[in-house]
Amino acid sequence: MNTLLRALTATAEENTTTFTPFVLWGSVIIFLIAYAFIATEKINRVAVVSAGAAAMILIGATGADEAFYSHATGIDWNVIFLLLGMMIIVGVIHKTGLFEYLAIKAIRLAKGNPRRAFIYILLLVAFASALLDNVTTILLAVPMTFLVAKYLKVNPVPLILGEVFISNIGGAATLIGDPPNIIIASKADLSFNAFLIHMTPIVLLVMVVIVPLLVFLFRKELINKPEDRVAIMQLDPASFITDKVLMIKSLSVLGVVILAFVLHSVLHLEPAIIAMMGAGLVVLLSNLKPEQFAKDVEWGTLVFFAGLFVMVGALVNVGALKLVADRIGEFVGGDAALAAGVVVVVSSVVSGIVDNIPYVASMTPVIAQLNQQIPGIDNDGLWWALALGADFGGNLTIVGASANVVAIGLAAAAGHKISFLKFLKYGFPVTLVSTAMALPYVLIRYF
């Protein structure tokens, strides 16, 4: 404990703005208390992060400039408005009956077999997460999942959890699939094709293992009766479309938004701007009243994100997360392989606890420094170690990745509460297996 206190105090003294041990320790304690309340669910998680963010400001761990205007230590407005824009677009699409149509098509293709339908959905989500991003994919997939579960007559929670886990894994395959990848690509000057070459192979291998694992984990809940399957095959998917004109309009807008996401480096537009422009256009074309599409926006989820960003940003601001990064550098010394292994494992664990976006943001300067300090490193192995650890580690807990929080919020709004411990029960083995596969991949391929 004394060693940790000296380390925390030393970290505070190294920061541009000097923080007293009280502020440094206070920010860590506030985060741990808030995290404990989130985990035990004794108090609503939105209230917890709001109070935690306020406490961080009161003790001086962060302020208005850091919390609201700093991308590094405050609210990531790009994430907030990306979610808001996509929630509005998805809300309008939901009015057309498209989700019902896709749900019926999927379960008919699976001939009413819940496990087979689960596999089809997982593969679709993984592909969509790599093409779009995992948050957008979850926003599109979860509303459809409720309908799939309804007609299959199974609990939707296993389906949703499987989609979350596989979206974080599938999103790791590309530069745009997971927010941490975008941060890493920017800091390390890595191209879209580089992610395809280095990340996609291991993601495909992990998928081959994780999909059967998820089917096994949820095997007891993915069961229905023969008569349920017969009834499903009698359903007509086309009959569920309620507004074909609006569906075509909204899907056209979604297509343009997706294309703009892919071309964002050419267009020089942030994803949030693209999403909000798409939301404005789809609302204009739909002629819907504000209350008709605004009710599909998960406002509680957006507030939760804002509070979480402020709390974790305060930890970055006072140097608490930098402490973790600095100690990694001290521990590995000049051993490149050891450095890579530690980065994969630590990134997986810490990302699952504090959210992989701010963790990656705080780690990128350290990885850049390690690349300069460790002799013999002539590749981007440490960057790929960081990406894999952070992306796969996001599956550990509810707060590990943005897609997790969004899915839990959507499920809660529909009356299906997924507890912190239930998520951890399944997230832990998924994270353990995927990280265990990523570790030898990084060591063998790069070191």
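Student: Which helix does I166 lie in?
Tutor: Please keep in mind throughout that this is a predicted model. Within it, the helix in which I166 lies is α9.

Student: Is I166 buried or exposed?
Tutor: The relative accessibility of I166 is 0%, and a residue counts as buried when its relative accessible area is under 20%. I166 therefore counts as buried.

Student: Which residues does I166 touch, not counting residues up to four places away in sequence?
Tutor: Contact here requires heavy atoms within 4.5 Å. With residues up to four places away in sequence left out, the residues touched by I166 are L122, V125, A126, M207, I210, V211 and L214.

Student: How far apart in space are I166 and N395, C-alpha to C-alpha?
Tutor: In sequence, I166 and N395 are separated by 229 residues. In space, taken C-alpha to C-alpha, the distance between I166 and N395 is 8.9 Å.

Student: How are α9 and α23 oriented, roughly parallel or roughly antiparallel?
Tutor: The axes of α9 and α23 are 10 Å apart, and the two helices pack at an angle of about 160°. Angles over 145 degrees count as roughly antiparallel, and therefore α9 is, relative to α23, roughly antiparallel.

Student: Which residues make the contact of α9 with α23, and how do they divide by class?
Tutor: From α9 the contact is made by I160, V164, S167 and N168, and from α23 by A403, N404, A407 and A411. By class, the residues in this contact of α9 with α23 are 5 nonpolar, 3 polar and no charged.

Student: How are α8 and α23 oriented, roughly parallel or roughly antiparallel?
Tutor: Helix α8, residues 134-152, packs against helix α23, residues 402-413, at an angle of about 25°, and their axes are 9 Å apart. Since angles under 35 degrees fall into that class, α8 and α23 are therefore roughly parallel.

Student: What classes of residue are found in the contact of α8 with α23?
Tutor: The crossing in which α8 passes α23 is right-handed. On the α8 side the contact involves N134, V135, I138, L139, V142 and F146, and on the α23 side S402, A403, V406, A407, L410 and A411. Sorted by class, the contact of α8 with α23 has no charged residues, 2 polar and 10 nonpolar.

Student: What is the phi of K153, and where does K153 lie?
Tutor: Most residues other than glycine have a negative phi. K153 is not a glycine, yet its phi is positive, at about 60°. K153 counts as exposed because its relative accessibility is 57%, and its place is the loop between α8 and α9.

Student: Where is D189, and what is its phi?
Tutor: D189 is found in the loop between α10 (179-188) and α11 (192-198), and D189 is exposed, with a relative accessible area of 71%. D189 is a residue other than glycine with a positive phi, near 55°.

Student: What radius of gyration does the protein chain have?
Tutor: The secondary structure of the protein chain comprises 24 helices and 0 strands, and 57% of its 447 residues count as buried. A compact globule with 447 residues would have a radius of gyration near 22 Å, and the protein chain agrees with this, having 22 Å.

Technical notes
Residues numbered from 1 in each chain as written. Predicted model: local features only at pLDDT ≥ 70, side-chain atom pairs only at ≥ 80, totals over all residues. Heavy atoms only, no water. Axes fitted to C-alpha atoms, helices over the stretch in contact; angles between N-to-C directions. Helix = DSSP H or I, 4+ residues; strand = E, 2+ residues; numbered from the N terminus. Parallel < 35°, antiparallel > 145°, perpendicular 65-115°, else oblique. Left-handed = near helix turned anticlockwise from the far one by under 90°. Nonpolar A, V, L, I, M, F, W, Y, C, P; charged D, E, K, R; others polar. Rg over C-alpha atoms; globule rule 2.2 N^0.38 Å. Buried < 20%, exposed > 50% of the residue type's maximum accessible area, 1.4 Å probe, protein only.
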